[in-house]
Amino acid sequence: MAKSKFAAVAASIVGAWAFSASADEFTEEDLALWQAEYMAAVDVGRGVFTDPALGTNGVVCAQCHPNGSNIHPETYPKFQKQLGQVVPLWVMINWCIRNPLEGEELAADDPRMIALLAYITHERRGVALEPGKH
Amino acid sequence: MVKTLSRRSLIRGASALTAGGVLDLTLVNLAFGQGGAQPDFTFAYISDSHIQHVKGTKFVRNWDRGLKRAVAECNLLNPKPDFVVFGGDLAQLGKKEELDHGLELLSPLRYDVKYVLGEHDYYLDLGEYWADKISPHYYSWDHKGVHFITLNSIVTHDEWTNKWSSGEERMGVMAGLDDPRGSPFMVGAAQRQWLANDLAKIPKSTPVVVFSHSPLQKIFKNWNFWTDDAEEVQALLAPFDKVTVIYGHVHQIQYNQIGNISFHSVMATAWPWPYPESYSQAENYLPVITVPMNRADPFHERDATGWQFIDVQTGNLAINYSLPDNSPRRVAFNPETGMPEDSEFETRSIPPQKHF
Ligand SMILES: [Fe+2]
Ligand SMILES: [Fe+2]
């Protein structure tokens, strides 16, 4: 379900580009459209974040991370001691999908992963970037 | 201080030994003064287990393990606690299967259990199964000179409660801490009247201990760390010399002092919650005297979860947090400053980690 909605969003972005008049101009309408597309991805992401079917045990991300809190997207990429390397945010998202949700990992470019990233980052808007920070 | 540490370390050692068999905890004695009309005693507090049904015989393993562990450790307490309180949110979605399974996991407890109702137990059937099979929603009793009161603090406006097409839908919305379609918790006029009548019979010098699920103070509306009529309830408690409120729901350590009323939260056995400040888009009023817990490490399943045993000394309370994956903490009322404090944690050379 989330998937097909996301596909529709992607298709309309392609549509919008096709009708652009020139490379160096954009209008208020363009901005409004792009913002709407972004917010649509955020909304899909909130759906995935609260979707009991993302894992296998009915547990959802929002149970432990209300409003996406304590995910700290602004600190990624960072070194994760337990993983032994510097990782981007989606790798830690997969860690939580595999463990508390007892689910299957998502590919980095899975539309549900992209939507999760949009939602999680949106809830943290305005916070300064601090890559690498613990 | 030393005596509680030794008791804690014994419990921790003992839990590691349970597989090995016989335990002797009789070395541990609490040498509290027995002066005055109120003998000292202890009770234990387990809360927020969120037993979650998956399908058939399957329940979320992680939450089951938290409750099982708390029950097993609680049974090792010596001296024995006078009773155990379960602080609410036994179930995740209020289902009979979840409440029944939760009771099954609580059944090895060797003590009397008093129950507080949480929103996850309530919003499916408005607490019908709870009242029928487990406990009244609110009640009071006296124990060794202390007046205990359990409130149902998680009701809300009738218009909200009655607007859903089914109990499942209503429960699903209230179960989402951050769901903007939710509604603030309250004790409500009827129960406040009951409370006023109940308190009218009690001398003002009697220590009063209140158990509620939500904080009877306003901390963070966004996540319902909040009770809408908190001030009205506090006003009813204000005339008493010594009042302590213990609440669950927040899945983290909080403590506060408002006038004569001490507030303490208890931990969840299921999972921890971030402190409100970690949500950058909304204002919060975390009590300034609270020294926050360290950030949880997701690689340790039980990190920042736990249960507590509580010392009652001449009507003042000390909460001992038993945290399987963390150093234990003790938050005790200090008669000199007139507020709860965690003297050990506050003076550690490593300051509490408030930030990631
Ligand atoms: Fe809870
Ligand atoms: Fe709760």
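Start with B:Asp89, which bridges two iron ions, ligand 1 and ligand 2, sitting 3.4 Å apart. This is a predicted model, where local features need pLDDT of at least 70, side-chain atom pairs count only at pLDDT 80 or more, and totals for chains, interfaces and linings use all residues. Residues are numbered from 1 along each chain as its sequence is written, chains are lettered from A and ligands numbered from 1 in the order in which they are written, and side-chain values use heavy atoms, with hydrogens and water left out.

Take the iron ion (ligand 1) to begin with. Its donors come from B:Asp48 (OD), B:His50 (NE2), B:Asp89 (OD) and B:His251 (NE2), at 2.0 to 2.3 Å. A donor here is an N, O or S atom within 2.8 Å of the metal (3.2 Å for Na, K and Ca), and water is not among the atoms, so sites may look incomplete. The angles among the four donor atoms run from 88 to 175°, and the site counts as irregular. Buried means under 20% relative accessible area, exposed means over 50%, and partly exposed is in between (1.4 Å probe, protein chains only).

B:Asp89 lies in the loop between strand 4 (84-86) and helix 3 (96-106) of chain B, and B:His249 in the loop between strand 9 (243-247) and strand 10 (255-258), so the pair ties together parts that are 160 residues apart in sequence. Helices (H or I, at least four residues) and strands (E, at least two) are DSSP runs, numbered from the N terminus. B:Asp89 and B:His249 are both buried.

B:Asp311 pairs with B:Arg330, with closest N and O atoms 2.8 Å apart. This pair links strand 12 (residues 307-313) with strand 14 (residues 329-334), and the two residues are 19 apart. B:Glu73 and B:Arg69 pair up at 3.0 Å, and both lie in helix 2 (residues 61-74) of chain B, four residues apart, about one turn of the helix. B:Glu73 is buried at 5% relative accessibility, whereas B:Arg69 is partly exposed at 34%. There's also a network of salt bridges linking B:Arg61, B:Arg65, B:Glu301 and B:Arg302.

Finally, move over to chain A. Helix 4 (residues 89-98) is largely enclosed by the rest of the structure, because seven of its 10 residues are buried. Among them are A:Leu89, A:Trp95 and A:Cys96. Their cover includes strand 1 (78-80), strand 2 (85-87) and helix 5 (111-122) of chain A; contact means heavy atoms within 4.5 Å.

Note on methods
Four donors count as tetrahedral if all angles lie between 85 and 135 degrees; four count as square planar and six as octahedral if opposite donors are over 155 degrees apart and all others between 65 and 115; anything else is irregular. A salt bridge is a side-chain nitrogen of Lys or Arg within 4 Å of a carboxyl oxygen of Asp or Glu.
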